[in-house]
Amino acid sequence: MVDRPAQLIACHDCDLLQRDIPLNPGCTASCRRCGAVLYRNATDSVDRTLAYTLAAGMLFLGANLFPVFSIQVQGDRSAITLFGAVLSLWEQGMKSISLLVFITAIFVPALELLSLTYLLLPIRLGLVPPGYSRFMRTLQFIEPWGMVEVLMLGMLVSLVKLTNNFKVIPGMALWSFGVLTLLLAAAAASFSARDVWERLDPRSRGETKP
Ligand SMILES: [Zn+2]
């Protein structure tokens, strides 16, 4: 690590300015006034987030390509994919719900996984992805809009309700969504924006002259 003058950091809870000091791996810096966590030195944050992201990407493909569940009515079986459900909602006039499901369960998770891969894969290879600040801001902006876990709960509730009247066969996408929910949470928990900024910011890589 390059020696640099200690920077000041403001506590996001109480605004107290404090010195930003280097931490040992696995340690956490807390605010001295209110005790809020200021930052962590997460070991292997980039490696772990990248591993979770790549695994989540594969499951995301499975969750969208395969049927969520099939319903058997009088010998006929009809299967539905997530995108099929979005289209069907749209055609039935429930356009706002269709759009909401598309944004929160397909578009935002896809954008999140692509942005994380675009940022973390080059960092892992020692490269700087062009336009990284835009992708970091995108990640920050879309974070509250990814709701795969809400969709998962919704799917389970509708599945239980449907079993009262029909024979329902859970599809590959349902299992994929279950594991995807866990992997997205794990990626979000291990991602450290501070770590990424530090690795990409030329000042912290000692490339600019004082
Ligand atoms: Zn504080």
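# A guided look at a predicted model

Visitor: Where is Ala 10 found?
Guide: Ala 10 sits in strand S1 of what is a predicted model.

Visitor: Why is Ala 10 called partly exposed?
Guide: Its relative accessible area is 41%. Buried means under 20% and exposed means over 50%, so Ala 10, at 41%, counts as partly exposed.

Visitor: Which residues does Ala 10 touch, if residues up to four places away in sequence are not counted?
Guide: Ala 10 touches Asp 15, Leu 16 and Leu 17. As for Tyr 39, Ala 10 and that residue are 29 residues apart in sequence and 11 Å apart in space, C-alpha to C-alpha.

Visitor: Is Asp 15 buried or exposed, and how do you know?
Guide: Asp 15 has a relative accessible area of 59%. The cut-off for exposed is over 50%, so Asp 15 is exposed.

Visitor: Let's turn to the metal. Which residues are the protein donors of the zinc ion?
Guide: They are Cys 11, Cys 14, Cys 31 and Cys 34, each through its SG atom, lying 2.3 Å from the zinc ion. A donor has to be within 2.8 Å of the metal, so these SG atoms at 2.3 Å qualify. In sequence, the donor residues follow the spacing C-x2-C-x16-C-x2-C.

Visitor: What makes the arrangement around the zinc ion tetrahedral?
Guide: The four donor atoms subtend angles of 106 to 117 degrees. Four donors count as tetrahedral if all angles lie between 85 and 135 degrees, and therefore the arrangement is tetrahedral.

Visitor: Why is Cys 31 called buried?
Guide: Cys 31 has a relative accessible area of 5%. Buried means under 20%, so Cys 31 is buried.

Visitor: And what makes Cys 34 partly exposed?
Guide: Cys 34 has a relative accessible area of 39%. That value lies between the cut-offs of 20% and 50%, so Cys 34 is partly exposed.

Visitor: How many salt bridges does a search of the whole structure find?
Guide: The search finds three salt bridges. One of them joins Asp 20 and Arg 194, with the closest N and O atoms 2.8 Å apart. This pair links distant parts of the chain: Asp 20 is in strand S2 and Arg 194 is in helix H7 (residues 193–200), 174 residues apart.

Visitor: Why is the pairing of Asp 20 with Arg 194 called a salt bridge?
Guide: The rule asks for a side-chain nitrogen of Lys or Arg within 4 Å of a carboxyl oxygen of Asp or Glu. Here the closest N and O atoms are 2.8 Å apart, so the pair counts as a salt bridge.

Visitor: How do you know whether Asp 20 is buried or exposed?
Guide: Asp 20 has 15% relative accessibility. Because buried means under 20%, Asp 20 counts as buried.

Visitor: Which residues are linked with Asp 20 in a network of salt bridges?
Guide: Arg 194 and Glu 198 are linked with Asp 20 in that network. The side chains of Arg 194 and Glu 198 meet in a salt bridge of 3.6 Å, N to O. These two residues are four residues apart in helix H7, so about one helical turn separates them. Glu 198 counts as partly exposed at 22% relative accessibility.

Visitor: What makes Arg 124 and Asp 47 a salt bridge?
Guide: Their side chains meet at 2.9 Å, N to O. The limit is 4 Å, so the pair qualifies. Arg 124 lies in helix H3 (residues 95–124) and Asp 47 in helix H1 (residues 45–65), 77 residues apart.

Visitor: Where does Phe 191 lie, and what is it in contact with?
Guide: Phe 191 lies in the loop between helix H6 (172–190) and H7. Leaving aside neighbours within four places in sequence, its contacts include Ser 45, Leu 116 and Val 196.

Visitor: Why is Phe 191 called partly exposed?
Guide: Phe 191 has a relative accessible area of 23%. That is between 20% and 50%, so Phe 191 is partly exposed.

Methods
Residues numbered from 1 in each chain as written. Predicted model: local features only at pLDDT ≥ 70, side-chain atom pairs only at ≥ 80, totals over all residues. Heavy atoms only, no water. Donors = N, O, S within 2.8 Å, 3.2 Å for Na, K, Ca; no water. Tetrahedral: all angles 85-135°; square planar, octahedral: opposite > 155°, others 65-115°. Buried < 20%, exposed > 50% of the residue type's maximum accessible area, 1.4 Å probe, protein only. Contact = heavy atoms within 4.5 Å.
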